[in-house]
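This briefing collects computed features of one protein chain for a reader who will want to check each of them against the coordinates. Please have the structure open while reading the points below.

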Amino acid sequence: MEKSIIPRLEVKSLTKVYDNTKVVDDISFSVLPGQITCLLGPSGCGKSTTLRMIAGVETQSSGEVWVDGQLICGSGFSQPPEERYIGLIFQDFALFPHLTVWQNVGFGISKNNEGIKEKAYELLSKVGLSTKSDNYPHELSGGEQQRVALIRALAPKPRIMLMDEPFSGLDKRLRDDIRDETLDILKLEETAVLLVTHEPEEAMKMADEIALMRNGEIVQKGAPYNLYNAPVDREAVAFFSDANIIKSKVSGSLADSPFGQFFAPGLDEGTHVEIVIRPQHVRIDFDREGRGPLPTVSMGIPVRGCVERARFLGNESLVEFKMDFDNSIFRVTVPSVFLPKTGQPLWLTIPRDRCFVFPT
Ligand code: ADP
């Protein structure tokens, strides 16, 4: 029989009330050793408060936190932050300016530990900074300082690393490099990582699992692929990308629209619904020179719209159409360069398997 793995971090029904408002509302999740979980959600949804309760710098109103199968805080019990084996990295990764690089790293290693300098040197060489060990922070670039901060946080060998928007202060290219490097090290050390971010792209790139938060609650949890392809509601779609919306009503398990009928399984007759389509899933008919394609079962009915605006975005083009049927704007992305003139009529279709139908 396969041995079950004890989660490195387990959060059970964690709740925080400020001024009679639940800012974190009964959330539960676990993170395995070497796993990266992202708390993703808009600003103010309770991500940092959750992180602070796990770190022990904020007291929960109710709920429990377990580390490697041991309770570290629960009703009437709270281990102090320094005894929790939890590392923290924040966006504001202040290094001590009066200490050298190795002394900064050494700060995280126990005072009784012999050979602190050698240990710091060894850790720094993991991120290619051993030659800078005698430099001061102001002599390093932003990216190098971030690496030192990471190594300092890893020095005490935390079992869990909590990261609050750790890369948002870095420019994009540096961010990609440092992010990959950081994750490689954390995985190697089997550290469980809980990362907070409001950027879906960041979460998709980093996470093994994403917990999507809204108003203090986790609304959906799963692998990035599942969140993107099987979102729970319209807001979950819209959090990851633009979304085109068509309003409709269920009739005989189908929702009717100008693009044809969409399956609405499990929804009662007469339920008001929204058909939600991502811009990259709308197809433009290029083949029939504007005469419009013939309808097919999988693609539904072609619908005419006129180009309002077209912009080239680098990897793709974004074309906005004003639809004939209700004058609404439909956004469509097309790979590479496609910049039709304003006013040009084109026919759009929507593949059945690429859209979502949600009750309103
Ligand atoms: P996020 O990290 O998702 O941006 P936060 O956890 O920082 O969100 O905040 C969640 C909610 O809790 C916000 O509405 C915020 O104003 C409120 N909040 C956070 N800290 C306190 C506090 N110390 N006192 C009162 N309200 C707070």
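In this predicted model, Ser130 has a relative accessible area of 17%, and because buried means under 20%, Ser130 counts as buried. Its place is in the loop between α3 (116–126) and α4 (142–154). Leaving aside its neighbours within four places in sequence, Ser130 is in contact with Tyr121, Leu124 and Ser125.

**Helix α1 and Thr49**

- Thr49 is found in helix α1, which covers residues 47–55, and with a relative accessible area of 10% Thr49 is buried.
- When neighbours within four places in sequence are left aside, the contacts of Thr49 are with Lys16, Tyr18, Val23 and Val24.
- The helix α1 as a whole is mostly covered, since seven of its nine residues are buried; these are Lys47, Thr49, Thr50, Leu51, Met53, Ile54 and Ala55.
- Just after α1, Gly56 takes a positive phi, with a value of about 95°.

**Aromatic pairs**

- With ring centres required to lie within 6.5 Å, the count comes to six aromatic pairs.
- One of these pairs is formed by Phe259 and Phe325, whose ring centres are 6.1 Å apart and whose planes stand at 85°, so the pair is edge-to-face.
- Phe259 lies in the loop between β13 (254–257) and β14 (260–263), while Phe325 lies in the loop between β18 (316–323) and β19 (329–335), so this pair ties together parts of the chain that are 66 residues apart in sequence.
- Tyr228, Phe239 and Phe240 are linked into a cluster by ring pairs.

**Charges over rings**

- Tyr228, which belongs to that cluster, has the charged end of Arg278 sitting over its ring, at 3.7 Å from the ring centre.

**The protein as a whole**

- The protein has eight helices and 21 strands, and its C-alpha atoms fill a box of roughly 80 × 50 × 45 Å, taken along the principal axes.
- Of the 360 residues of the protein, 47% count as buried, and the accessible surface comes to about 18,300 Å², with 50% of that area belonging to carbon and sulfur atoms.
- Among contacts in the protein with a separation of 6 or more, 64% are accounted for by residues 24 or more positions apart.
- The side chains include 40 positive and 49 negative ones, and the centres of the two sets lie 3 Å apart.

Notes
Residues are numbered from 1 along each chain as its sequence is written. This is a predicted model: local features need pLDDT of at least 70, side-chain atom pairs count only at pLDDT 80 or more; totals for chains, interfaces and linings use all residues. Side-chain values use heavy atoms; hydrogens and water are left out. Rings of Phe, Tyr and Trp (its six-membered ring) pair if their centres lie within 6.5 Å; planes under 30 degrees apart count as stacked, over 60 as edge-to-face and the rest as tilted. Helices (H or I, at least four residues) and strands (E, at least two) are DSSP runs, numbered from the N terminus. A charge sits over a ring if NZ of Lys or CZ of Arg is within 6 Å of the ring centre and within 35 degrees of the ring normal. Buried means under 20% relative accessible area, exposed over 50%, partly exposed in between (1.4 Å probe, protein chains only). Contact means heavy atoms within 4.5 Å. Accessible areas come from the Shrake-Rupley method with a 1.4 Å probe; for residues, only the protein chains shown count as cover. Lys and Arg count as positive and Asp and Glu as negative; His and the chain ends are not counted. The place of a charge is taken as NZ of Lys, CZ of Arg, CG of Asp or CD of Glu.
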